[in-house]
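Me: I am new to this structure and would like to go through it carefully. Could we take it in questions and answers?

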Amino acid sequence: MEAAAAADVLPSGSSQELHVLAVDDSYVDRKVIEKLLKISSCKVTAVESGARALQFLGLDGEKGSLGFDGLKVNLIMTDYSMPGMTGYELLKKIKRSSAFREIPVVIMSSENILTRIDSCLEEGAEEFLVKPVKLSDVRRLMKDCVMRGETEGNNAGRRVDKRKFEDDNHTSSLSSSSSLTPSPPSTTAPFGGDVATSELVSSSPPHSSKRAKLHDGD
Amino acid sequence: MEVGQMQRRLVDYTKTLFMEGFLDAQFLQLQQLQDESNPDFVVEVVSLFFDDSEKLLNDLSMALDQPNVDFKKVDAHVHQLKGSSSSIGAQRVKNACIAFRNFCEEQNIDATLRCLQQVKHEYYLVKNKLETLLRLEQQIVAAGGSIPATEMGF
């Protein structure tokens, strides 16, 4: 069954829109992610911290986590670097809670650090997205989440479908950041020194289920 | 000036900003996200970016003005600024932040002060240009025209 976006799969106008909880301490990023999700037909709750996220889920020690406010969360997208509780810490708390561990958690980070990616995946993150998050990333997530729901038990473990490389550690200063292979063409093709998307060849052993094969995300 | 002329002017201006590296593809993403249900989306995000950045630049000035500079704090602020500039496609600001973070790591006070000047410079430049761009868009809409999609293929 093909699924392009949440709205294509779920009955239109149904209360079964995907509900995404977005966590990011940056105002700008919250606004952008909210829009990306709304345009992808999701219901969005955007909060500014891990603590707020736990509060919303009812995991902050207050009673009644199950019937909290009747709004089931289908996906959590969280920034990694946040003051107070990091996205990684939030991920752990969610995965260690019996009520919420089944909710897929996606980590977003502007820093493409392999050890960071690995620890997030090890801890149960569904995906690790490199910021800035694009519409194509969100669309792919919708497809994956909905497919997951539709095909219970077919889950072949976590996948990293795509990683963009942004070489932060070079002192590229004011010259354009290192560009890799050009992005696939689109009607408004990206231009300039923007770092293009590229496919990552994982260096991890092929038998590891946590780092399954990468394929064409777009 | 009639709408067609204004639209051409906007397209040319936008292209220049891309060619000069002020904006990158992420800005295009934001423009693509704007629709009838939220026709001020880009203006809103850009305004948030301006507010956020000015606060961060102030914090940075203060942090670097201390007798004992806390480079971790400085780095945290720069990281935030890098993040938000990246999210709106303000490429030169983002790149200036990347360089800035490298010097934070080295705890080099002179270099970081220079970086701060550089980031401020880039920020005010892009702010000016974005304000111009958004004003052009407003004029087109006020004259009853629609904002042409930015086509970057060539």
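Me: How many bridges join strand β3 of chain A to β4(A)?
Reply: The model is predicted, local features need pLDDT of at least 70, side-chain atom pairs count only at pLDDT 80 or more, and totals for chains, interfaces and linings use all residues. Residues are numbered from 1 along each chain as written, chains are lettered from A and ligands numbered from 1 in the order written, and side-chain values use heavy atoms, without hydrogens and water. Strands here are DSSP runs of E with at least two residues, helices runs of H or I with at least four, numbered from the N terminus, and two strands pair if DSSP finds at least two bridges between them. Strand β3 (residues 75-79) and β4(A) run parallel, and the bridges joining them number four.

Me: Which residue in β4(A) is the bridge partner of A:Asp79?
Reply: Strand β4 of chain A covers residues 105-109. Within β4(A), the partner of A:Asp79 is A:Met108.

Me: Is A:Ser109 buried or exposed?
Reply: A:Ser109 lies in strand β4 of chain A. Buried means under 20% relative accessible area, exposed over 50% and partly exposed in between, with a 1.4 Å probe and protein chains only. Because its relative accessibility is 1%, A:Ser109 counts as buried.

Me: In what order do the five strands of chain A form the open sheet?
Reply: The pairing in this sheet is parallel. β2 (43-47) and β5 (127-130) of chain A each have a single partner strand, so they stand at the edges. The order is β2-β1-β3-β4-β5.
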